[in-house]
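Try each task before you read its solution.

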Amino acid sequence: MIRGRFAPSPTGELHAGSLVAALASWLDARSLQGEWWVRMEDVDGPRCIDGAAAKILQQLSLCRLHSDGEVIYQSQRTDIYQQALNQLIAKGLAYPCACTRKEIEEQQVSLGLSLERHKSAVYPGTCRNGLDGKPARAWRFNVTQWSTLRGSHDVHWIDRRLGAQVQNVQEEVGDFVLKRADGLWAYQMAVVVDDAAQNISHVVRGEDLTDNTARQYLLQEALGFEHPHYLHTPLVLGVNGEKLSKQNDAKALDLSSPRAVCLAMQSAASTLGLSTLKLHSCDSADLDEALSTWTQEWTQKYLSASP
């Protein structure tokens with residue numbers, strides 16, 4: 001079974017960048033004659049906005065993008081994530097950590113390592129061999145231990161758009177967080193468990209998430225899950241040249257009329273390198289015809305790079 005997914009965080013309405021991800025994942029699933037599911041990644045409760053999930057589903061419906069399966073919510077799946085963490089603990093692949101973010105950054109500076117903008121400090125493994133009497137704050141994946149067991153520190157994968165990729169997670173990230181100090185589940189843990197539970201075979205998402213893939217590969221291996229196939233799409237950039245996102249005040253999509261919906265979909269398709277079609281009446285039939293054409297174009301672009 002071929003199954004793709006779109007997994008937005010309900011921290012606000014869809015914007016131009018998130019529509020690109022939704023359209024790309026939908027087209028990919030349809031081009032492979034598979035299913036397309038929607039999942040709400042609301043695991044970070046304090047950032048989520050009441051009513052945003054329902055609004056996102058309404059926006060997707062206006063764009064003729066409907067989930068083929070039940071919409072699940074990560075906030076309702078904490079027991080499943082805990083089961084996965086317990087498995088890793090039993091295998092000696094997860095450990096408690098007492099370090100604060102400030103302490104980790106100070107340790108990185110003391111080791112002569114730079115702190116790159118928009119990137120977290122590389123965790124040096126301070127608590128890997130014990131807490132030294134300090135109280136546990138978070139839980140981390142033991143990248144060093146798993147890399148030794150798997151026989152390589154390098155993670156290799158093929159991105160269907162970007163080509164061959166490789167990352168040494170130990171050097172570039174370190175032992176990464178599975179459960180945060182505030183008790184919330186980290187993105188890496190939740191997404192890996194949910195992709196496996198939903199039998200997601202193809203992940204299509206923004207290029208800014210490429211860097212997460214190697215960490216997810218390691219977790220998938222350690223938990224005995226299959227690897228999905230990955231494709232990372234071009235990003236919509238803001239006027240400052242950075243990725244358009246809710247964090248930098250991306251405007252919600254204007255879907256207030258059939259014409260506005262058509263314009264939003266045309267823009268998303270253009271970002272993906274697809275044709276700009278003449279949509280006459282901009283009604284549902286018109287949009288369905290455009291989606292059919294874009295699916296054919298997507299097939300020509302990416303099906304040859306699919307299993």
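**Exercise 1.** Why is helix α8 (residues 213–223) largely enclosed by the rest of the structure?

*Solution.* First, some ground rules. This is a predicted model: local features need pLDDT of at least 70, side-chain atom pairs count only at pLDDT 80 or more, and totals for chains, interfaces and linings use all residues. Residues are numbered from 1 along each chain as its sequence is written, and side-chain values use heavy atoms, with hydrogens and water left out.

Helices (H or I, at least four residues) and strands (E, at least two) are DSSP runs, numbered from the N terminus. Buried means under 20% relative accessible area, exposed over 50%, partly exposed in between (1.4 Å probe, protein chains only).

Now apply them. Ten of the eleven residues of α8 are buried, so the helix is largely enclosed. Among them are Arg215, Tyr217 and Gln220. Step past the end of α8: Gly224 there has a positive phi of about 80°.

**Exercise 2.** Find the aromatic pairs. How many does a search of the whole structure give?

*Solution.* Start with the rule. Rings of Phe, Tyr and Trp (its six-membered ring) pair if their centres lie within 6.5 Å; planes under 30 degrees apart count as stacked, over 60 as edge-to-face and the rest as tilted. The search finds six pairs.

Take Tyr81 and Trp185. Tyr81 lies in helix α3 (residues 78–90), and Trp185 in the loop between β8 (177–179) and α7, 104 residues apart. Tyr81 is buried, at 0% relative accessibility. Trp185 is buried too, at 4%.

Now Phe141 and Phe176. Their centres are 5.3 Å apart and their planes are at 35°, so this pair is tilted. Phe141 belongs to strand β5 (residues 138–141), while Phe176 is in the loop between α6 (169–172) and β8, 35 residues apart. Phe141 is buried, with a relative accessible area of 0%. Phe176 is also buried, at 4%.

Finally, look for a cluster. Trp157, Tyr217 and Tyr230 form one.

**Exercise 3.** Which ring does the charged end of Arg3 sit over?

*Solution.* Check the rule: NZ of Lys or CZ of Arg must be within 6 Å of the ring centre and within 35 degrees of the ring normal. The charged end of Arg3 sits over the ring of Trp37, 3.9 Å from its centre. Repeat the step for Arg140. Its charged end sits over the ring of Tyr123, 3.8 Å from the centre.
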